[in-house]
Amino acid sequence: MQEKIPIIQIEDLLLVSIQVDMYDALALQLQDDLTNRIQETNARGVLIEISALEVVDSFIGRVIGNISAMARVLDARTVVVGMQPAVAITLVELGLNLEGVHTALNVSRGMALLRRTTP
Amino acid sequence: MPKAVLPDLLQKYRQEILDDWLRQQLAAATMRADLISQDQLRAQSTEFLQRLEAAAKSGDTADIQSSHWAPVLELLGDLSRARGRMGFSPSETAGFVFSLKSPIVSRLRLEIGGDAAALFESVTSVSDLLDKLGLYTTEVHQRAREEVINRQQLEMLELSTPVVKLWDGIVALPLIGTLDSARTNVVMESLLQQIVDTGSDIAIIDITGVPTVDTLVAQHLLKTVSAARLMGADCIISGIRPQIAQTMVHLGIDLTTVATKATMAEALRTAMTRAGYRVVRD
């Protein structure tokens, strides 16, 4: 059976906590699952918690950007929370500034941000 | 056999060579009477001659890297490092070894002066040996200096990148000195770590102390800002002097994606407002 990253629904928000090392297939699976869940639940916001993520490559970085863009098309705001300094530096060095993605330091601030920005 | 001559010679004329050598050293232009006392010099010289004699007895004089010479090299290394710290120059340190040449050579002449070929061979081998030992002191001296320089560089890196917490949720990074790639990395890492540790979502980068901003420095700054944003913290760049503002515009550096303020005070005011504080005067 293939590994899956759980998606937890909290009221009208979806919380994704990435606790394992990401590999390409897993990232694409997450992208699939998440877009489906947004449509099913009519979620207004998505929190992606990546504080346990220690290694990223350009592909994972791009998938995170893509997920955010896809969620936006489905009318949900995405906030990436808890990024490690090393991960942030890597992404910047790779030239992936994730321009359209909202970020926050931790889950509670991310939630506050979503509550503020979503109507 | 020149190899056998040196140990015997050192043993036979132990006292004479030492006295001669000390006289040489004291008379030499490189003698630093202000840095080292006569007693110290005598102790060091005696010790060196003892170890030299032991090493010459047991090993060949061609290869000073062999284990027989380890005690001699150790003594020279300590001596060179100590003298380097005391302020001796490399040539003054090497002079310690080189000045031993003439006492030994003059004793060689006394001993085997009649046989020109043997004398020549002995002098060459002694001279070679002492040259190597002298150069070794210079090498150690140099290495000790380099260690000091490296350590100071590291210390400077740390000294120059303090991250200060200004208020709950607001940190500031006053940058002083030129920003190069190595420093940018240190700055970036310490700022990002501090953002995590203090849970701050606003960071003020103050560049009042940065003398010049060129495209490279600007790029480094923007990288830092982007990385902080990825973690969920907003950056404000403050302390941009008029000349720097002019250069930046002339160079076509685009800072429109970053909040910039002229002074740190202004940046703090903005940060407080964003964090929801109101400053009221009684």
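This briefing covers the confidence, the chain contact and the nonpolar cores of a predicted model. Chain A has a mean pLDDT of 90. Chains A and B touch, with 13 residues from chain A and 15 residues from chain B in the contact. The largest nonpolar core holds 69 residues.

**Confidence in chain A**
- In chain A, 97% of the residues reach a pLDDT of 70 or more.
- Strand β3 (residues 45–49) of chain A has the highest mean pLDDT among the elements of that chain, at 94.
- Helix α4 (residues 107–117) of chain A has the lowest, at 90.
- Where pLDDT is low, predicted coordinates should not be read in detail.

**Contact between the chains**
- The contact takes 13 residues from chain A and 15 residues from chain B.
- On the side of chain A that touches chain B, α3 (85–93) and β5 (102–104) of chain A each supply at least two residues.
- The element that gives the most to this side is α3(A), with five residues.
- By class, this side of chain A has ten nonpolar residues, two polar and one charged.

**Nonpolar cores**
- Within the largest nonpolar core, of 69 residues, those with the most contacts are V46(A), A88(A), A203(B), A228(B) and M231(B).
- Helix α9 (residues 215–231) of chain B provides the largest share of this core, eight residues.
- Beyond its neighbours within four places in sequence, A203(B) is in contact with V171(B), L173(B), L191(B), I195(B), A228(B), A233(B) and C235(B).
- Another core, of 27 residues, lies apart from the largest one and includes L52(B), I64(B), L79(B) and A94(B).
- In soluble globular proteins, nonpolar side chains tend to be buried together.

How values were computed: Residues are numbered from 1 along each chain as its sequence is written. Chains are lettered from A and ligands numbered from 1 in the order in which they are written. This is a predicted model: local features need pLDDT of at least 70, side-chain atom pairs count only at pLDDT 80 or more; totals for chains, interfaces and linings use all residues. Two residues are in contact if their C-beta atoms, placed from the backbone, lie within 7 Å. Helices (H or I, at least four residues) and strands (E, at least two) are DSSP runs, numbered from the N terminus. Ala, Val, Leu, Ile, Met, Phe, Trp, Tyr, Cys and Pro count as nonpolar, Asp, Glu, Lys and Arg as charged, and the others, Gly among them, as polar. A nonpolar core is a set of buried Ala, Val, Leu, Ile, Met, Phe, Trp, Tyr and Cys residues joined through C-beta atoms within 7 Å. A residue is buried if 20 or more other C-beta atoms lie within 10 Å of its own, exposed if 12 or fewer, and partly exposed in between; C-beta atoms are placed from the backbone. pLDDT is the predictor's confidence in each residue, from 0 to 100.
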